[in-house]
Amino acid sequence: MVMVRKITLRVLDGPDRGNEFQDFPLPLKIGREGGNTILLNDERVSRYHLNILEKNGKILLADCNSTNGTRLNGETVMAAEIHIGDIISLGRSVLIVGTQQEITKRLELLDSSSPKGGGVLRSFMESDEWEDAPPQLKAELASLGVAEKISLENLHRLLPPSLPEGLNIEQFAQISDILLYYLIRIRMLVNASIPYVTSEKASKNNKVPENNSVTLNYADWQGLLELYAQTAKYLRNLKDY
């Protein structure tokens, strides 16, 4: 017997604010026409705006060439994998993926996966971004009941996505070329930045050094190095395909 994957979507903002679409089986369609699985009373949402489906164990979002587009965690997308805690914006409507319990469970999982006991998680409520956060996001975070409140918009960025499976030789070559391009460009950035990042003047004053260069704080510098390492890891893991 094949189990049907289900998903819960809650409306944080927009004309349908407060509505909850719980345990809807996949695939599903979202729009403002009668033929959709989920109807939104939002004039800025297209008649058939987006689809959510499961493929190879992953939940995918696909925009249906909507007029105003679809944003996932603030970024415009045509197709993307979605996770518990992600925020989908379409028209004036803002939807969050998952129940409070599911989001709390994922936060705890991410916290326990950190080698430093949650050091990878950024304390959102203590950051400067908290003051500018949308009221509905603040309310959602406050209701989670977890020790460390995290920006839901950053949940998907904490863990790197997996490489796609079932690649043919052409797709394999294309992804390899893309990753190699990024590896070389990041390497160039790192090599060009090292003299300035280690500069005593730059580290003490935290100012733009001479010759029109810019500096990164240490956390951002480590983030760039982590991206460098992850790109190299992707290329290495491609050998196993």
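The structure is a predicted model. The protein chain holds five helices and 11 strands. Of its 241 residues, 36% are buried.

Six strands build an open sheet, and reading across gives the order β2-β1-β11-β10-β7-β8. The pairing in this sheet is antiparallel. In general, the strands of a sheet pair through backbone hydrogen bonds, in either a parallel or an antiparallel manner. The edges are taken by β2, which spans residues 20–25, and β8, which spans residues 75–77; each of these two strands pairs on one side only. With direction ignored, neighbouring strands of the sheet are turned against each other by 30° on average.

Strand β1 covers residues 6–13 and pairs with β2 in the antiparallel sense, over four bridges. I7 has F24 in β2 as its bridge partner.

F24 also leads on to the aromatic side chains. Two aromatic pairs are counted in the model. One of them joins F21 and F24: the ring centres lie 5.9 Å apart and the planes meet at 85°, and because an angle over 60 degrees counts as edge-to-face, the pair belongs to that class. The two partners fall into separate accessibility classes. F21 has a relative accessibility of 12%, which is under the 20% limit, and therefore counts as buried. F24, at 22% relative accessibility, lies between the 20% and 50% limits and so counts as partly exposed.

The rings of Y181 and Y182 also pair, with centres 5.3 Å apart and planes at 80°, so this pair is edge-to-face. Y181 has a relative accessible area of 46% and is therefore partly exposed. For Y182 the relative accessible area is 46%, so Y182 is partly exposed too.

Taken together, the β2 edge brings several of these features into one view. The strand spanning residues 20–25 pairs on one side only, its partner there being β1.

Key:
Residues are numbered from 1 along each chain as its sequence is written. This is a predicted model: local features need pLDDT of at least 70, side-chain atom pairs count only at pLDDT 80 or more; totals for chains, interfaces and linings use all residues. Side-chain values use heavy atoms; hydrogens and water are left out. Two strands pair if DSSP finds at least two bridges between them. Axes are lines fitted to C-alpha atoms, for helices over the stretch in contact, and angles run from 0 to 180 degrees between N-to-C directions. Rings of Phe, Tyr and Trp (its six-membered ring) pair if their centres lie within 6.5 Å; planes under 30 degrees apart count as stacked, over 60 as edge-to-face and the rest as tilted. Buried means under 20% relative accessible area, exposed over 50%, partly exposed in between (1.4 Å probe, protein chains only).
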